[in-house]
Amino acid sequence: MIYQVGEKSGIYCIESAGQARVYFVGAPDYALIDAGMPGKADKVITALAQIGVQPLQVKRIILTHHHWDHVGGLWELKKRTGAEVIAHSRDADYVSGKRQRRAPRRLSGRMMFTVVGLVGAHNVATVEVDRRVNDGDQIGSFTVVHTPGHTPGHICLQRGDCLFSGDLLLATSPAFRETPHIFTADVPTARESIRKVAKLEFQTILSSHNPPYVFRAAERVRALASKLGTIPE
Ligand SMILES: [Zn+2]
Ligand SMILES: [Zn+2]
């Protein structure tokens with residue numbers, strides 16, 4: 001399933017790629033944000049066909065971070081599209097297989113790491129990263145915002161009044177929440193990243209595990225940031 005976010009944004013949300021959404025941004029970028037879960041590349045290609053986009057038109061696949069629900073379809077999608085694969089310099093080695101994925105520090109995180117490993121989360125096909133980016137870099141019309149914590153090289157992407165936020169937070173109703181700590185490599189750093197994003201201006205947030213939130217999203221991030229000190233780590 002694919003739908004446009006708002007009326008003429010040129011941003012499309014693909015909800016058929018597993019747990020994590022894949023976003024597609026049309027002209028002039030022709031970029032996919034993330035690559036979905038293993039085995040879902042066909043669904044992404046089918047969704048793109050529904051809006052008249054052929055695989056070879058996709059120019060870039062930008063990864064918000066290296067987790068399997070975001071890169072599982074990457075090998076297949078790169079093969080079918082020939083697109084340039086882009087990731088932050090601190091997550092790129094996990095995507096390309098030069099570094100092994102590691103369990104979070106806290107016990108609950110280590111247990112979750114073991115559980116998702118049983119279903120193949122640590123064995124996704126490795127893919128060479130063509131371009132490594134850092135905070136403030138420009139990728140077409142996107143600006144990279146390095147937001148470490150969930151993973152070391154987690155990024156958000158700002159484009160006009162939209163922010164692609166990956167797993168930085170959960171854009172839930174009635175208030176935004178932190179991503180569950182069991183999935184987060186470094187909770188204090190992740191909180192610093194939420195405070196960093198709270199200083200930006202945007203209307204729409206495009207997160208991976210919730211539907212797009214299209215009105216005054218930055219105010220909701222600021223509300224979450226102001227509460228963080230009062231929530232136990
Ligand atoms: Zn994640
Ligand atoms: Zn995720």
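How many other C-beta atoms lie within 10 Å of H146, and is H146 buried, partly exposed or exposed? The count is 19, so H146 comes out as partly exposed; the cut-offs are 20 or more other C-beta atoms within 10 Å for buried, 12 or fewer for exposed and partly exposed in between, with C-beta atoms placed from the backbone.

A word on the model before the views. This is a predicted model, where local features need pLDDT of at least 70, side-chain atom pairs count only at pLDDT 80 or more, and totals for chains, interfaces and linings use all residues. Residues are numbered from 1 along each chain as its sequence is written, while chains are lettered from A and ligands numbered from 1 in the order in which they are written.

**View 1. H146 and its surroundings.** H146 sits in strand β9; strands here are DSSP runs of E with at least two residues, helices are H or I runs with at least four, and both are numbered from the N terminus. Setting aside neighbours within four places in sequence, H146 is in contact with H88, N134, D135 and I155 (contact: C-beta atoms, placed from the backbone, within 7 Å). I155 is also the bridge partner of H146 in β10. V197 is 51 residues away from H146 in sequence, yet the C-alpha to C-alpha distance is 9.4 Å.

View 2. Strands β8 (residues 138-139) and β9 (residues 142-146) pair antiparallel over two bridges; pairing takes at least two DSSP bridges between the strands. Q138 has T143 as its bridge partner, and I139 stands opposite F142. Two residues separate the strands of this hairpin, and G140 in the turn has a positive phi of about 55°.

**View 3. Strand β10 between β9 and β11.** On one side, β10 (residues 155-159) runs antiparallel to β9 and is joined to it by four bridges. Three bridges join β10 to β11 (residues 162-166), again antiparallel. The β10-β11 hairpin has two residues between its strands, with G160 at a positive phi near 60°. Four of the five residues of β10 are buried, so this strand is largely enclosed by the rest of the structure.

**View 4. Helices α6 and α7.** These two, residues 187-197 and 217-227, pack at about 140° with their axes 8 Å apart (axes are lines fitted to C-alpha atoms over the stretch in contact, and angles run from 0 to 180 degrees between N-to-C directions). The contact is made by I194, R195 and V197 of α6 and V221, L224 and A225 of α7. The pair is therefore oblique: under 35 degrees would count as roughly parallel, over 145 as roughly antiparallel, 65 to 115 as roughly perpendicular, and the rest is oblique.

**View 5. Helix α3 and its packing.** In α3 (residues 74-81), the buried residues are L74, E76, L77, K78 and T81. They pack against β4 (31-33), α1 (41-50), β5 (60-62), α2 (68-71) and β6 (84-88). Just past the helix, G82 takes a positive phi of about 70°. L77 also turns up among the residues that L32 touches, along with V22, F24, V58 and I61, not counting residues up to four places away in sequence.

Note on methods. Contact = placed C-beta atoms within 7 Å.
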